Amino acid sequence: MSLLRGRARKVEASIFTASMADIVFLLIVFFVLTYNVQVDRTQVNLPKTWVRKTVPKNAAYISITKDGVIRVSSGKEMSLPVGSDEEVVTFASNVVAETPNKAFVIKADKDTKYEHVDKVLDALKQAKARVIYLLSEQKTQDDTNQ
Amino acid sequence: MKLEKRKIESEIFTGSMADISFLLIIYFMVTSVFSATRGLDFALPKQTNTTPEIKQEDSIDVHVMQGGQIKVDGKPMTMDQILPYIASKLKQNPDKPVILRTDPDATYNDMIQVFDLLRQAPDKIGMEIKTISIPTQREIQNVWALFGVQ
């Protein structure tokens with residue numbers, strides 16, 4: 001009868017949002033578990049290597065940009081720029097004095113001149129550092145073919 | 001007349017929970033960075049009073065020059081030729097150390113590619129290079145000074 005009268009039946013449109021909170025909480029749990037504080041945020045193009053070992057947590061970071069600007073962090077606070085090679089030696093000596101087995105991570109741009117890396121390595125040797133990691137990205141077969 | 005007890009309904013207001021959660025998600029998304037946490041490792045020798053002396057003829061000298069050219073024991077080589085040459089030397093003496101020298105004008109990438117190659121020795125030639133030494137310019141100059149070369 002209603003059809004005959006020409007009345008259209010109303011369809012209510014709604015989005016089901018009850019599960020939204022569950023999804024959001026799952027996402028939060030994911031981020032909380034995977035979140036780690038990055039002490040050094042210097043933007044560098046890392047070299048690519050096949051051999052890669054995991055860097056220990058709380059390692060000290062020394063970053064070197066393409067232009068040779070050096071920033072250091074003991075792994076607890078954000079990285080700070082250093083002005084001279086002597087400052088790198090002082091920084092590394094202080095870190096080693098506090099924690100003798102502390103690992104040092106060198107995060108250098110692949111296009112930087114080796115002399116900048118050499119100076120940092122020399123400073124770490126003078127400070128009697130024991131383990132050094134040269135940060136890199138994973139090399140793939142495509143990189144080899146290029 | 002009987003007094004009616006007024007019921008107090010207890011409830012926690014959860015209406016703003018979703019808003020707080022979304023704010024937290026935005027915070028974590030903005031501040032989290034996918035960072036590289038892997039790299040090539042090497043251990044420096046422990047400090048001892050007596051410095052072990054390595055004669056040049058007892059070691060394999062890998063020299064990375066400006067432009068990425070490589071000389072091994074003074075002979076120019078390509079990346080593919082290095083490990084077979086080192087394998088032939090290690091067969092004579094498995095403890096032979098490799099000295100990786102890099103010119104200051106070469107790029108860091110030139111050096112790390114050779115270092116990566118040396119670290120792949122167990123997979124590629126089935127032999128491990130027990131000692132890879134990376135001397136710094138100061139150490140090289142000290143050695144030259146010992147021989148009286150300026």
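What share of the contacts in chain B with a separation of 6 or more comes from residues 24 or more positions apart? The share is 67%. The structure is a predicted model, and the legends below describe close-up views of it.

**View 1. Chain B is built from 5 helices and 6 strands.** Starting at the N terminus, the order of elements in chain B is α-β-β-β-β-α-β-α-α-β-α. Chain B has 150 residues, and 33% of them count as buried.

**View 2. Phe30(A) and Phe31(A) form an aromatic pair.** Over all chains, a search of the whole structure finds 3 aromatic pairs. In the pair of Phe30(A) and Phe31(A), the ring centres are 5.4 Å apart and the planes stand at 65°, so the pair is edge-to-face. The cut-off for this label is an angle over 60 degrees. Phe30(A) has a relative accessible area of 45% and is partly exposed, whereas Phe31(A), at 12% relative accessibility, counts as buried.

**View 3. Phe42(B) and Phe115(B) form an edge-to-face pair.** The centres of the rings of Phe42(B) and Phe115(B) lie 5.8 Å apart, with the planes at 90°. Phe42(B) belongs to strand E1 (residues 38-43) of chain B and Phe115(B) to helix H3 (residues 108-119) of chain B, so the pair ties together parts that are 73 residues apart in sequence. Phe42(B) is buried, at a relative accessible area of 10%. Phe115(B) counts as buried too, with a relative accessibility of 1%.

**View 4. Chain B and chain A meet at an interface.** On the side of chain B, 43 residues are in contact with 46 residues of chain A. The two chains bury about 4,300 Å² between them, and 62% of this area is on carbon and sulfur atoms. Within chain B, the residues that lose the most area to chain A are Arg38(B), Leu44(B) and Tyr108(B), which together make up 19% of what that side buries.

**View 5. Glu139(B) and Lys125(A) meet in a salt bridge.** The N to O distance between these two side chains is 3.0 Å. Between chain B and chain A the count of salt bridges is 4, and the count of residue pairs in polar contact is 21 (both residues at pLDDT 80 or more). Four elements of chain B, namely helix H1 (17-31), E1, H3 and helix H5 (137-146), each supply at least two residues of the side that touches chain A. Of the elements of chain B, H1(B) gives the most to this side, with 9 residues. Sorted by class, the side of chain B that touches chain A has 21 nonpolar, 14 polar and 8 charged residues.

**View 6. Ser21(B) is in contact with residues of chain A.** Ser21(B) sits in helix H1 of chain B. With its neighbours within four places in sequence left aside, Ser21(B) is in contact with Val24(A), Phe25(A) and Ile28(A). Why does Ser21(B) count as buried? Its relative accessible area is 3%, and the cut-off for buried is under 20%.

**View 7. Gln120(B) is in contact with Trp50(A) and Val51(A).** These contacts leave aside the neighbours of Gln120(B) within four places in sequence. Gln120(B) is found in the loop between H3 and helix H4 (121-124) of chain B. Is Gln120(B) buried or exposed? Gln120(B) is buried, with a relative accessible area of 9%.

Definitions and conventions. Residues numbered from 1 in each chain as written. Chains lettered and ligands numbered in written order. Predicted model: local features only at pLDDT ≥ 70, side-chain atom pairs only at ≥ 80, totals over all residues. Heavy atoms only, no water. Phe/Tyr/Trp six-rings, centres within 6.5 Å; stacked < 30°, edge-to-face > 60°. Buried < 20%, exposed > 50% of the residue type's maximum accessible area, 1.4 Å probe, protein only. Contact = heavy atoms within 4.5 Å. Buried area = accessible area lost by both parts, 1.4 Å probe. Polar contact = N/O pair within 3.5 Å; in protein donor to acceptor, adjacent residues only side chain to side chain. Nonpolar A, V, L, I, M, F, W, Y, C, P; charged D, E, K, R; others polar.
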